[in-house]
Amino acid sequence: MPQISIEQSLHNSLLNAAQEVQKLHLLELFQLQPTRAETYRLDVSPIYLDYSKQALNQQAIEGLIALAEHKNLASARDAMFQGDAINHTEQRAVLHTALRNSERLNKVDAHTAAEIEHTKQRMLNFVDGIINQSLLGFTGKGITDVISIGIGGSFFGPKMLQSALEEQRASAINVHYLANIDGAQIKHMLKALNPETTLIIVASKSWTTAETQLNADAVMTWFKSHFSDQQAIKQHWVALTAKPQQAQAFGISSDYIFPLWDFVGGRYSVWSTIGLPLALSIGREGFESLLAGAASMDKHFCEAPLNANMPVMLALIGYWQQVYLGYNNLMVLPYSHGLKALPAYLQQLDMESNGKSVNALGDEIANSGPILWGAEGTNCQHSFMQLLHQGKQKAMVDFIVPAKGDPHYPAHHNMMVANGLAQAQALMQGKTTQQAFDELIASGEDETSAAALAKHKAMPGNTGSNTLIIDALSPFTLGALLALYEHKVFCQGVLFGINSFDQWGVELGKQLGKTLMSAIETQDLSQLDPSTQALLKHINL
């Protein structure tokens, strides 16, 4: 008989483990392993992970760790941190981690490390100047409002964190984010702002992003309708870009241009100058704390053994559920109003990174990443949680629960925590038909009615979940949380053998969008497909 490969042997072992686990209900796993809750957990301050509710046994965990070792996960991690060109389709290094700790990079690329540190200090000095009003607008007034123009990664990260850290504001500056190219949003935003006290930030690495340029042009028209002096632009407009010459041609002063680098992808860029609008809200200290939180997770990721490594374990659990349990989607449920935008942020991080159909060698693969969705608790309990409790659809689930809430509303926080933990418990244990029948009898129903109704109130349960307890909504904690998910996505990319740092699917839509804009402007639809021609004719553009 021919020898099977190591990878096939590991795969067979994991298949056997999956078959064994699926014979049991999650509640039975707890009965067989009374210390399960103490065993299947990780405490990496400021985040506590409980994965005891997952359909896992020790055979599965050991097999997954062996797979990670076989895939050279640790070596791939080290290659990223030391600046190797792991984004092989674009021949780029991936150095977003250096933005929060350039010292680690300094050992192998002192020049880039120094440039990162210089840029950070220059940006934070600018933040100090705007907040303390040593930097004023053209008419000598302080800045009260900021318009941040961008899209994708230059939009999601700062806006999501702005929402989450509203209670951590260090300035009275109001930050407004403009990404949508619906003119109604621009009109509504601009009519409430005073150009004398407004700072406009344009975030565009290439300075050619169509949506960003369109919005920047519209805001510039508004600004010039109030100020005709070119000097006014130089005191109110900021560029975050890798193309400083184009920004200067737009009228922006070189003193107000901050660099972006090719080694930082958009969805990993909140740690860079892209975080400027956020820093103008939470201040220097808050932004540095955000970076420190992310750096703490980086340190843990680099130093902890695989079986005690939180990003690695999250990645292995997700890989296990996709490949061996057949799940294709991940639901993220933050039980915190401040984190309401987190699922949308993670959608881009995960799906834009790992939504691939071929591996690093160009060979087709079965799957590589989940559909990611979610919403804030407790609102979601009145929508899609019904589907998970009683429907036939299955999902991977991450609950995120802050340990501390607003001290002025302790009862609200206690109820929020209770609901989050109860949902995880309900997904796991469900309710049998007998339990539903007994409850109905106890409530006064006759046996015939109870037997009929019990079928409608029964729930299978046996749905696993992770629960992540974060200490509070602070810059440090959220830095650690976002870095945790970044590294999880990276690890899953290694496990699937893909490049998590390119996004050619996104580029295709941009290319076709330019073609369509040209067709609309010239009214020549002949090169378009019949369906698109018909749609444009109906819209009558």
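Arg 267 has a relative accessibility of 3%, so Arg 267 counts as buried. Buried here means under 20% relative accessible area, exposed means over 50%, and partly exposed is in between, using a 1.4 Å probe and protein chains only. Before I go on, this is a predicted model, in which local features need pLDDT of at least 70 and side-chain atom pairs count only at pLDDT 80 or more, while totals for chains, interfaces and linings use all residues. Residues are numbered from 1 along each chain as its sequence is written, and side-chain values use heavy atoms, with hydrogens and water left out.

What does Arg 267 pair with in a salt bridge? The partner is Glu 352, and the N to O distance is 2.7 Å. Glu 352 is in helix α15 (residues 342-354), and Arg 267 is in the loop between β7 (257-259) and α13 (276-303), so this pair, 85 residues apart, links distant parts of the chain. A salt bridge is a side-chain nitrogen of Lys or Arg within 4 Å of a carboxyl oxygen of Asp or Glu.

How many salt bridges does a search of the whole structure find? The total is 16. Another of them joins Arg 100 to Glu 486, with the closest N and O atoms 2.9 Å apart. Are the two residues buried or exposed? Arg 100 is buried, at 7% relative accessible area, and Glu 486 is buried too, at 1%.

Now a local case. Arg 284 and Glu 288 form a salt bridge with an N to O distance of 3.8 Å. Both are in helix α13, and because they are 4 residues apart, about one helical turn separates them. In general, an α-helix has 3.6 residues a turn, so residues three or four places apart point the same way. Glu 288 has 30% relative accessibility, so Glu 288 counts as partly exposed. Elsewhere, salt bridges that share partners put Arg 100, Asp 298 and Glu 486 in one network.

Of the 22 residues in α20, 21 are buried, so to speak mostly covered. At 1.5 Å a residue, α20 should span 32 Å, and the distance between its end C-alpha atoms is 32 Å, which agrees. The expected span is 1.5 Å times one less than the number of residues. Gly 497 follows α20 and has a positive phi, near 75°.

The whole structure has 3 cavities of 30 Å³ or more. A cavity is a set of points, on a 1 Å grid over the protein atoms alone, where a 1.4 Å probe fits but cannot get out; lining residues have an atom within 4 Å of a point. Grid points are joined across faces, edges and corners, and a volume is the space filled by probe spheres set on the points.

The largest cavity holds about 80 Å³. Its lining includes Leu 99, Lys 120, Trp 261 and Phe 287. Which helix gives the largest share of that lining? Helix α7 (residues 110-131) does, with 4 residues. By class, the lining has 6 nonpolar, 3 polar and 1 charged. Ala, Val, Leu, Ile, Met, Phe, Trp, Tyr, Cys and Pro count as nonpolar, Asp, Glu, Lys and Arg as charged, and the others, Gly among them, as polar.

The second largest cavity holds about 60 Å³. Among its lining residues are Leu 314, Gly 318, Gln 321, Leu 330, Met 396 and Lys 488. Two elements, α14 (310-323) and β10, each give two or more residues to that lining, and α14 gives the most, with 4. The lining divides into 5 nonpolar, 3 polar and 2 charged residues.

Met 396 is in strand β10 (residues 396-402) and counts as buried, at 2% relative accessibility. Setting aside neighbours within four places in sequence, its contacts (heavy atoms within 4.5 Å) include Gly 318, Gln 321, Leu 330 and Pro 370.

Methods: 1 Å grid on protein atoms, 1.4 Å probe; cavity = no way out; pocket = protein on both sides within 12 Å on 5 of 7 lines; lining within 4 Å.
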